[in-house]
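Student: Could you walk me through a protein model, one feature at a time? I would like the general idea first, and then the case at hand.

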Amino acid sequence: MRADTLELFKNRPSASPAPKPVREECEWLIDNSAAYDRLLASINGARRSVWITQLALDPDCVAYGASGSPDANVAEAIVDAAKSRDVEVRILLNQTILLDTVRPLRKWLVTRGTTTIAVRGMKRFPQLLHAKMILVDGEELFLVGSPFVNGYWDDVHHAPVDSRRPHRELGGRPLHDVSVRLTGPAVGEAITVFNEWWKQGAGNSGVERTSPTVPVTANYRSSDARLVTTSPSSQARRGRKDILDSCVDGISRARSLIYIEHQYLSARPVADALKATIQKNRNLEVIIVLNQNPDVTAYRRWQNQRLESAGLLTHPRVGVFSLWSTERQEDRIVGVTQVFVHSKIVVVDDTWAMAGSANLDGVSLHSYGNDFAGPVARRLFHNVRNFDVNVVVRESSSGSMKQGTVAALRTRLWAEHLGLNAGAASSRPETGWLSVWRRRAARNVAALDQNESTHRFRGFVLPYSTRTTPSKQLSDIGVRHHADSPALRFNPGWAEVYLSPNWVRNMFL
């Protein structure tokens, strides 16, 4: 155990139960209905502590579970843990000029009659606390994909229209995300990270008591799951760029397959690493799933520039795709919309994976300024980067992680996206994985274009298009517009495509 983690145990009350050895586990939580179910079960069972870092935590965020019923509210579950079981709760949120999520939460906590929950704000404008990390009893770590905000909920069906998903967020689009629950040594690393960031937070509205306990037997050297972080520089620290270093290293190790699904791909070092690895390995296939219309619209241009400059849009061993969802009545498709990809997943050769809060962009990895082309913006935003945390899972014969953990993530994701069973996505066909994706995407294009009962839209995959709007994107990939064409449920106008008004509004309201 590292010395800085052992320091946390010095003042542990003698009445606390002795920690039990915890096996290293990695549980993938695909889509937020599953993530909410698992997270709330842990919060409702918490005995000692719940520590949270989040981009935002809205008090009215409803946690719809897998059944679809509003069984819980995230903030209410946290309050109940503090009031009914005397669980220590610490919450670290953004408190900047553009995104103050601390003040409304503190006001709400007053109405709930609790004064024991400690809330701090990270005041590092223009840098954000983007990490979404929940520690329960010092034994479980959740790296949650989404902020606790209504509109980010969804389940595996990704219905184009759902009243549980307000139109205010993301234009009402369905949302795909991935979270992960970890036990074992990664929890100790997370406690170290949390304590460092907590000290940088401002203000406190509650009472801090004890630190979570971690099994002293945890062995970092034998761990297959390690936390990596991004953090901005300060007067006392140079900041961290470990996520970028790990991502580039993982990509460079690829021999047969790189699979990426991400909210953005605008980071030049990542695009360069992909290009170099493809050139080095003639048997390598690369499959990428991205948003065509990101929420911050400048990213659409940056992303397309990176894809084009790295040759990823035209390379025969690279496939770039997007996710779309359809709405059916009887045998016809009556509606279609983009699925907003919010996950941050990189998988290499079914033995290495990265997941967490960091996007493949400059501000989550190393420098926001590096995404810009103009010299003024590049200088102005140089070394501006958020607080992010990812986990890297690297299976090894000497490690303690269950073999097949990474492959399980990939096959579950592909089963959802391609409309296959997990078994069909496990064994690589002789023609390669890209043939499977391209065939499914082509069949889905035909299903939308012809809109007949003989052609079924399966899964969510369509080819990626660099065009500006959903209508132009569908036309670009071969879906003609005619009288029987499905209605577009998300069809942004000029302002939304080029100016990000929804994103700007959400920052101020």
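Student: What share of the 509 residues in the protein chain is buried?

Tutor: Buried means under 20% relative accessible area, exposed means over 50%, and partly exposed lies in between, with a 1.4 Å probe and protein chains only. By that rule, 59% of the 509 residues in the protein chain are buried. Do keep in mind that this is a predicted model, in which local features need pLDDT of at least 70 and side-chain atom pairs count only at pLDDT 80 or more, while totals for chains, interfaces and linings use all residues. Residues are numbered from 1 along each chain as its sequence is written, and side-chain values use heavy atoms, with hydrogens and water left out.

Student: How many helices and strands does the protein chain have?

Tutor: Helices (H or I, at least four residues) and strands (E, at least two) are DSSP runs, numbered from the N terminus. The protein chain has 15 helices and 22 strands. Contact means heavy atoms within 4.5 Å. Among contacts between residues at least 6 apart in sequence, 77% join residues at least 24 apart.

Student: In what order do the strands of the seven-stranded open sheet run?

Tutor: Two strands pair if DSSP finds at least two bridges between them. Here the order is β1-β10-β8-β7-β2-β5-β6, with mixed pairing. β1 (25-30) and β6 are the edge strands, each pairing on one side only. For angles, axes are lines fitted to C-alpha atoms, for helices over the stretch in contact, and values run from 0 to 180 degrees between N-to-C directions. Neighbouring strands of this sheet are turned by 15° against each other on average, direction ignored.

Student: Is β6 enclosed or open to solvent, and why?

Tutor: Strand β6 (residues 118-122) is largely enclosed by the rest of the structure, because five of its five residues are buried. Both faces are covered, with Ala118, Arg120 and Met122 on one side and Val119 and Gly121 on the other.

Student: What does Ile52 touch?

Tutor: Ile52 lies in strand β2 (residues 49-53) and, at 0% relative accessibility, counts as buried. Leaving aside residues up to four places away in sequence, Ile52 touches Leu57, Ile78, Arg90, Ile91, Leu92, Met133, Ile134 and Phe194. Ile52 and Val119 are 67 residues apart in sequence, with their C-alpha atoms 9.5 Å apart in space.

Student: How do helices α11 and α12 pack?

Tutor: Angles under 35 degrees count as roughly parallel, over 145 as roughly antiparallel, 65 to 115 as roughly perpendicular and the rest as oblique. Helix α11 (residues 405-418) and helix α12 (residues 433-450) pack at about 25°, with axes 11 Å apart, which makes α11 roughly parallel to α12. Arg410, Trp414, His417 and Leu418 in α11 meet Trp433, Val436, Trp437 and Arg440 in α12.
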